[in-house]
Amino acid sequence: MTFFATADIHLGRSSQVGGTQHSLSAREGWKRFVDRAIADQVDAVLLSGDLVDKENNYFEALSALEAQLKRLETAHIHTVLVAGNHDALVLPEMMNTFKNSDYVHFLGVNGQWEILKLDFKSGKTVQFLGWSFPAEHVSSNPLDLLQLSELEIQPNIPLLGLVHGDITNSDSNYAPITQASLQRETSVDAWLLGHIHLPEEFQQIRPFICYSGSLQSLSPKEHGAHGFQQIEFDDFGEMSHEFQPISPVRFEKIETDISEVSEPQELRQLILKAVENESILLLYADLSHLVLDISLTGEVAFPHEIDGWINRSDVFEYETAIDGTHITIRKITNHTRYKADNLHLLADEKSPAGVLAAAIIDLESENENPFTKKLMKSFSERTETLNNASVYMSLESNQKIELKSSEHRQLLIDECHRLLSEMMILKQNANN
Ligand SMILES: [Mn+2]
């Protein structure tokens with residue numbers, strides 16, 4: 001028996017690649033997923049919430065959802081689904097159309113755990129357990145409400161659980177689920193979670209616990225391969241799973257060391273080589289757009305000049321293709337280090353360059369000195385001010401940029417190297 005499990009389709013949105021392209025809409029991604037389910041003649045499609053992106057584009061989402069659920073119905077493929085925070089209010093309404101359907105099963109309405117037993121055409125039976133968001137915000141763990149003993153679970157029949165919630169943050173307003181509460185339910189074969197858009201597998205032994213991740217990468221934050229989990233049960237009821245990439249878009253970060261570079265042409269060649277070498281490793285059959293963020297690393301004599309080279313070049317116009325996948329560069333970040341003959345010697349000087357050199361040494365070795373302490377403090381205060389600014393208030397927590405202190409440190413190190421290289425060049429010119 002075969003099931004395709006995914007979540008966070010967000011019908012109504014599109015992947016952020018250049019201008020909006022019809023082929024990269026969530027709606028098209030959902031259709032391709034259903035094409036695949038029908039072609040593979042799976043037994044059921046399992047959807048763990050946020051199928052629809054809030055109430056905007058209601059009719060676009062409704063028609064896209066309906067059209068494909070009807071195709072699945074016609075192909076005698078079951079769909080089991082629950083609501084997430086985005087579609088808590090609209091999904092119950094949309095499901096009215098399928099109230100009497102033998103193939104579409106909306107579980108856990110009003111935040112009540114629900115069990116469904118399905119007999120498949122192969123003669124096998126599988127049980128599904130589901131909980132749906134009753135409102136846009138839920139601040140308690142839905143697993144606390146689960147009483148499996150009251151739900152007439154049958155032993156020795158596979159049991160799959162669908163729930164939307166946040167395993168990453170116990171203070172979340174989006175159903176904070178703990179790993180422990182999922183692990184406790186050992187009669188469940190697999191927990192198929194929705195909400196976090198990056199695919200992740202938390203536990204391989206029973207119960208298998210995973211976020212399938214968003215079906216399609218919608219933004220650069222959703223990096224890596226995206227798709228669905230293929231769940232199989234063999235004749236003995238043994239479960240196996242395999243992640244299947246299907247997203248037409250993949251955002252990826254690659255790194256290239258440019259220590260050897262001394263002029264812009266060499267930098268261009270190194271970037272092209274990195275794109276070519278790394279891209280090959282990232283391709284899969286359904287991928288049409290690979291969008292790269294390139295991180296430049298290494299030690300160079302002039303980190304600040306690299307910024308100028310990048311800004312003056314038209315590298316963002318570059319486009320190539322391998323096996324039908326378009327490859328473009330979205331962003332280049334300069335993480336190069338100032339190549340000092342002796343940073344420690346320089347750090348002993350009382351000059352501004354000396355202060356910077358000492359700051360770099362201490363930031364990199366995670367030591368504190370009064371200057372770096374002040375830098376780190378003021379940096380985190382400013383980030384917090386930005387995050388709490390009223391213009392960003394309406395963003396959801398998963399859309400906000402929350403920098404960890406290790407990332408603060410990294411940004412400060414980059415900036416110190418840039419400043420130091422600028423200073424050293426000025427000093428050199430003054431001496432000449
Ligand atoms: Mn969600």
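Let me begin with a convention: a residue is called buried if 20 or more other C-beta atoms lie within 10 Å of its own, exposed if 12 or fewer do, and partly exposed in between, with the C-beta atoms placed from the backbone. What you see above is a predicted model, in which local features need pLDDT of at least 70 and side-chain atom pairs count only at pLDDT 80 or more, while totals for chains, interfaces and linings use all residues. Residues are numbered from 1 along each chain as its sequence is written.

I will start with the overall picture. The C-alpha atoms fill a box of roughly 85 × 45 × 45 Å along the principal axes, and 39% of the 432 residues count as buried. The protein has 10 helices and 18 strands, where helices (H or I, at least four residues) and strands (E, at least two) are DSSP runs numbered from the N terminus. When I speak of a contact, I mean two residues whose C-beta atoms, placed from the backbone, lie within 7 Å. Of the contacts in the protein with a separation of 6 or more, 70% come from residues 24 or more positions apart.

The domain assignment, whose bounds come from an automatic or database source, gives domain 1 as 2–245, domain 2 as 249–339 and domain 3 as 345–388 + 399–432. The C-alpha centres of domain 1 and domain 2 lie 36 Å apart, and 10 residues of domain 1 are in contact with 11 residues of domain 2. On the domain 1 side of that boundary, the touching residues divide into 5 nonpolar, 4 polar and 1 charged, where Ala, Val, Leu, Ile, Met, Phe, Trp, Tyr, Cys and Pro count as nonpolar, Asp, Glu, Lys and Arg as charged, and the others, Gly among them, as polar.

Let me turn to helix α2, residues 58–74, whose 17 residues reach 24 Å from the first C-alpha to the last, close to the 24 Å expected at 1.5 Å a residue; that expected span is 1.5 Å times one less than the number of residues. Which residues of α2 are buried? They are Ala61, Ala64, Leu65, Gln68, Leu69 and Leu72, and they cover an arc of only 120 degrees around the axis, which puts them on the same side of α2. The arc here is that of the directions from the helix axis to the C-beta atoms. The face turned away from the buried side carries the exposed residues Phe59, Ser63 and Thr74, whereas the buried residues of α2 pack against α1 (26–39), β2 (44–48), β3 (78–82), α3 (90–94) and β4 (104–106). After α2 comes His76, whose phi is positive, near 60 degrees.

Leu267, Ile271, Ala274, Val275 and Ser279 are the buried residues of α5, and, seen down the axis, they fall within an arc of 105 degrees, so they line one face of the helix. On the other side of α5, Gln265, Glu266, Gln269, Lys273, Glu276 and Asn277 are exposed. The packing partners of the buried residues of α5 are β13 (249–257), β14 (289–297), α6, β16 (319–322) and β17 (325–334).

Within α6, residues 303–312, we find Ile306, which counts as buried because it has 22 C-beta neighbours inside 10 Å. Not counting residues up to four places away in sequence, Ile306 touches Leu296, Val300, Asn334 and Thr336; the C-alpha atoms of Ile306 and Thr336, 30 residues apart along the chain, are separated by 8.5 Å.

Finally, the cores, a nonpolar core being a set of buried Ala, Val, Leu, Ile, Met, Phe, Trp, Tyr and Cys residues joined through C-beta atoms within 7 Å. The largest has 67 residues, and those with the most contacts inside it are Leu11, Val45, Leu46, Leu162 and Leu192. A second, separate core of 21 residues includes Leu24, Ala274, Val275 and Ile329. Leaving aside neighbours within four places in sequence, Leu11 is in contact with residues including Ala61, Ala64 and Leu65, which are among the buried residues of α2.
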